[in-house]
Amino acid sequence: MEWRNVLLIALTTTTTTTTTTTTTTTTRASVAVGLLLLVLALGTRTNFAKQAGRVGAMASTEAGEDVAVVFCTVPDKETGRKIASELLSQKLVACVNMIPGVESMYTWEGKMEVSEELILKIKTRRSLVPQLSTAIGSLHPYDVPEVIAVPVVGGGQSYLSWVEENTISAT
C-alpha cells in the first residue's frame, strides 16, 4: 500500500468522533493507531522496499544491510553452548544469546509433543545463512532442527557494523 494512502486512512481515522463519553478514548486510540500506521508506512517505504529481493548472497554497501537474526531451538544448555561455540569459532556468527524457559508444542510423527527447550538468537550475515544452516544441521541432535532467519531492516549502525566485522564473508 502506498504510504500516502496509509496516511490518509490514519488522518481519516483520527478525525472520526462520536457524541458518547468514549469520544476522548476513541480519538486517542485512533491517533495512536494512525501514528503507528504512519510510522510503519514510512518504514515500509524506506526500509522494506530497499531490502526486498536481497535474501541470498549480497554485498554490503551500507552498515547492516547484510545482517540477519537466526532462531534455533535446542533441547538443553549443553547443546546450545556446543553449537554456539562451534559457530563462533568458525566466525559464522558474531553473537549467540541462549534464551531458556521455552515450552514448544508441535506435531512430530503424527503425535502432538510438548518439550522444554532453549532458543538460540543468533546474529550473523544474511549471506552466511546457508552455511550456518548446514553447520547447525551437522551439530544438532534433532532430525529436523529449527533454523529460521529474519532479515534485520534497521538498528544501531555501530552494532550492525560490529556483527559484520566479527563474521567471515560468505564463500
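Reply: In helix α5, which spans residues 157–165, the residues L160, V163 and E164 are buried, where buried means under 20% relative accessible area, exposed means over 50%, and partly exposed lies in between, with a 1.4 Å probe and protein chains only. Helices (H or I, at least four residues) and strands (E, at least two) are DSSP runs, numbered from the N terminus. Seen down the axis of α5, its buried residues fall within an arc of 95°, so they line one face of the helix; the arc is that of the directions from the helix axis to the C-beta atoms. On the other side of α5, S158 and E165 are exposed. The cover over the buried residues of α5 includes β1 and β3, with contact meaning heavy atoms within 4.5 Å.

This is a predicted model, in which local features need pLDDT of at least 70 and side-chain atom pairs count only at pLDDT 80 or more, while totals for chains, interfaces and linings use all residues. Residues are numbered from 1 along each chain as its sequence is written, and side-chain values use heavy atoms, with hydrogens and water left out.

Strand β3 (residues 111–125) also holds R125, whose partner D66 sits in the loop between α2 (23–51) and β1 (67–74). The side chains of D66 and R125 meet in a salt bridge at 3.6 Å, N to O, a salt bridge being a side-chain nitrogen of Lys or Arg within 4 Å of a carboxyl oxygen of Asp or Glu. The pair links distant parts of the chain, 59 residues apart, and both D66 and R125 are buried. By this rule the count comes to one salt bridge.

M105 lies in strand β2, residues 95–108, and is exposed, with a relative accessible area of 54%.

For the setting of these parts, the protein chain has five helices and four strands, which run α-α-β-α-β-β-α-β-α from the N terminus on. Of its 171 residues, 32% count as buried. Among contacts with a separation of 6 or more, residues 24 or more positions apart account for 72%.
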